[in-house]
Every structure is written in structure tokens, then in C-alpha cells.
Amino acid sequence: MKLVVVILLFLSTLSAEEYSHKGNIGFSYQYFSDKGEGKRDQVFDFVGEFESSYVKDVWSMKLLIDANIDHEDKERRYLTVNEAYLSYALSDADIKFGKEIRFWGALEAYNLADVFNSLDPRADPLDFQKLGAWNLSYTKYFESSEFSMIVKFYEENQPFASPDFPYYTPPNWAQYDEDLNTQYERYRPTFYINYGGSTDTTYPLDYAVMFQNGYDEKRGIMYNSASRMFQQYAYVVNRIATYNTLLVGDTLFKLEASFTDVDSCPRTKDYWQSGIGFEHTLYGIYNEVDIGLLAEYYHYDSDSDMQKLLQIFGSDLFIGARFTFNDKDDTSILAGIAIDDKYDEALFKIEFEKRLFDNYKIKADFLQTSPSDDATALKQLGKLTRTKLGVAYYF
């Protein structure tokens, strides 16, 4: 909170001509007709986001603040600085320092190569809501590609919601210690090298390869016998990953893959992940509506049965459709189902989004899960049937 105040006071001193801002404020309501035992059936949040930027000559800055106020859960009432960085532009490169969110990946349902930011455990795990990470980066730009070297400095605590929150995954009886346990010190740096680009050919290809040495963005859970509480555990890995798209006519082919070598972590072993898919777009089917047909398959391979069970997309086929109405209100609908062919479980979700009166946006979705009898990630959440509505004012 103090950091937010300091940054806002500093921004107020900047020239209005070089400073810009945007954001939104609104609410989100979720109703659960099916939920896990001991969970509440309604979640009402006031939500907001504020983003500001400042550009002058070769210098630029960005600030992103996220806010959430849960009407019942005090653990989900927060004001978080998720991005706050300074960038210096060279003739063919830039240097950036601060807190940042990055997006790596190509697939629709799940980006297995998106390993820079950890996910916020206070949010819906299927929303993949990220937490900003402190880092220093150098990016060199070429004619049709770029090369980045990134150092992440610090592993932060990840506070959980209260046990009656519908997405709280540890057992309700488990006491949780928010103090992160790490394999080495928290300041042990994590290094990334990322090279990617695109081709100007008959079949355009976007490609990227990433190398990582340092803490995994995933977290293990371990029992601390001294405190008699559960803690998250950060462990070191070596990883190579790639994410690519290839456009052939109206069909976009997608590939993501990674191999993770685990240094040393209780109950965690080396693992492979892969995902392939395509999206074929049918343009102007009816009243200028475009329909994107999606199909993706995900596979997770490890010698640890526990790891396999805790992957939401472990051995899943995802089939979906995206409807883009191309109207003045930017109306869109995305529907899809993920079916696990190993643990006999499924997940269905349909999302609707529409802009109203220029400055308002409405989002609604319906989610239903059919978990396995095995101890999978969906089984931990319990059977869920959820309806969600969100309205926000954008400025």
C-alpha cells in the first residue's frame, strides 16, 4: 500500500503531455449451484484496475495496480502493484527494470510455456490471473526477431483466500502458513533466455524458444513439522520450452512444448509437457459473424503420479468455438469443453463479452466441472457449477 501511494505521488509531478492513464472499476458476482463441501455459494467482489504510463525521449515507465474487495473474505481484499517498471530504449534494444507481467504461449485453453509469472491463488485457477515479478531484462531487436536476457530477483509469498472460498484447493482442515519455503534463499536469481521472431513467407510462422534456470513458477506444498502447518515450496529447475504458430490459409496451427529438469524437490520429479492445436476461421458466416473452430490436445508426462494428478490439463482434449460478431459493441462468445481421457473427467465453459455505451463492458460465463474419482486437481476443487456476471466502467 505504501508503494502505491509513493508511486502515485511521483506520477502526479509528471508533465500531463507525457503522462497517460486508463483503467476500469466494477463488480463481479459468482453463484455456485454446485460446490465443494464447506464452501460458500456466492462470491461478490468489487474490482478495479489502474494503468498509467509515462514516455519522454528514450525513457518510459509503466504502473499497473489491481484492486479487489470481497464482500466476505478479508484475505481477498487487496491493492496490489502488479507492474511498476522503468524502460530505457537504445537504437535497436531496450533495458527494463522493475515489476512486470509477461505473456508467453500460443494455445487457447492453457499456455504451458508461460512460466515467468506465478498465478494468484486467491483467484479462479482457470482465469490464470498472474502476479507481477521483479526483474531486469535486456532485449535486442533484429529485423524480424528479438533476443531477450532476463533475471528475476525475488520469490514472493502467495497469500491464499479463506478456506470457504470455492476455489480454495487445500483441505479445509489444513492450516496454511503464507511464508514461502524455498530450496535456496529467496533472492537466488532465476535466469531466462528467450529468442523469437516471425517469418514473412507464404505460410507465416511465429516462433520462440526459451531457456530457464531458477525457481519454477509452480509451487509444491509441504508440511512443516515445526509450525505444524502447510507451506508452499519453491524449487529450482532447468527448463527448455518453445511456443509457435503457423498460418496456412484460414487455419492457425499451434504448438507448445517444454521439458523441466527438477533440481531437488520432495515428491516432484522431472516432467514433460506438450500441447498441439489448430484454429480454423470461417469468415462472414451470417451477418458478418466469424466463427473460429478450435481443437487442442495437452499431455503431461512425469515419473511422479502426484504431479500428474495435480495438472488441470494433464491429458486433455479441448474442443471449442469462438464467435466474433464484428459489431460496434465488440460482441464475442467463446465456448469449449476439455475432456481428460485418462481420469474420466471433463470441464465445460462458455464466455460472453460485450461493450455497452462505449465505456462499459459486460462479461458473463458459465462453468461446469465433472471431476474424477481420483485425487486430481478438479477433484480437489470439487464438482462446480458456476454462473458469473461482471460489469465494469472503463476510463
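**Ground rules**

I worked with a predicted model in which local features need pLDDT of at least 70 and side-chain atom pairs count only at pLDDT 80 or more, while totals for chains, interfaces and linings use all residues. Residues are numbered from 1 along each chain as its sequence is written, and side-chain values use heavy atoms, with hydrogens and water left out.

**Entry 1: A106**

I started in the loop between strand 5 (93–100) and strand 6 (133–141), where A106 is found. Is A106 buried or exposed? It is buried, with a relative accessible area of 16%; the cut-offs are under 20% for buried, over 50% for exposed and partly exposed in between, with a 1.4 Å probe and protein chains only. I then looked up its contacts, meaning heavy atoms within 4.5 Å. Not counting residues up to four places away in sequence, A106 touches N111, Y243, N244, T245, K254, L255 and E256. Y243 is 137 residues from A106 in sequence, yet their C-alpha atoms are 5.8 Å apart.

**Entry 2: the cores**

Next I looked for nonpolar cores, which are sets of buried Ala, Val, Leu, Ile, Met, Phe, Trp, Tyr and Cys residues joined through side-chain atoms within 4.5 Å. The largest has 26 residues, and F165, Y167, Y298, F313 and F318 touch the most other members. Strand 16 (289–302), strand 18 (332–340) and helix 3 (377–381) each give two or more residues to this core. Helix 3 supplies the largest share, three residues. Another core, of 12 residues, lies apart from it and includes W104, A208, A241 and Y243. I also noted a general point: in soluble globular proteins, nonpolar side chains tend to be buried together.

Back at Y298, I listed contacts beyond four places in sequence; among them are L107, Y110, L112, S274, F313 and F318.

**Entry 3: Q273**

Q273 is found in strand 15 (residues 271–286). Which side chain makes a polar contact with the side chain of Q273? That of Y110 does, at 3.5 Å. A polar contact here is a pair of N or O atoms within 3.5 Å; within protein, one must be able to donate a hydrogen and the other to accept it, and residues adjacent in sequence count only if both atoms are side-chain atoms. Outside four places in sequence, the contacts of Q273 include Y110, K218, E256, H299 and Q311.

I counted strands as paired if DSSP finds at least two bridges between them. Strand 17 (residues 315–324) runs antiparallel to strand 18, joined by nine bridges, and G320 stands opposite G336. Nine bridges also join strand 18 to strand 19 (residues 345–356), again antiparallel. There D340 stands opposite E345. In this hairpin of strand 18 and strand 19, four residues lie between the strands, and D344 takes a positive phi near 55°.

I found an open sheet of three strands in the order 8-12-11, with mixed pairing. Strand 8 (176–182) and strand 11 (220–224) stand at the edges with a single partner strand each, so one side of each is left without a neighbour in the sheet. Strand 11 and strand 12 (residues 229–234) are antiparallel over five bridges, with I221 partnered by Q232.
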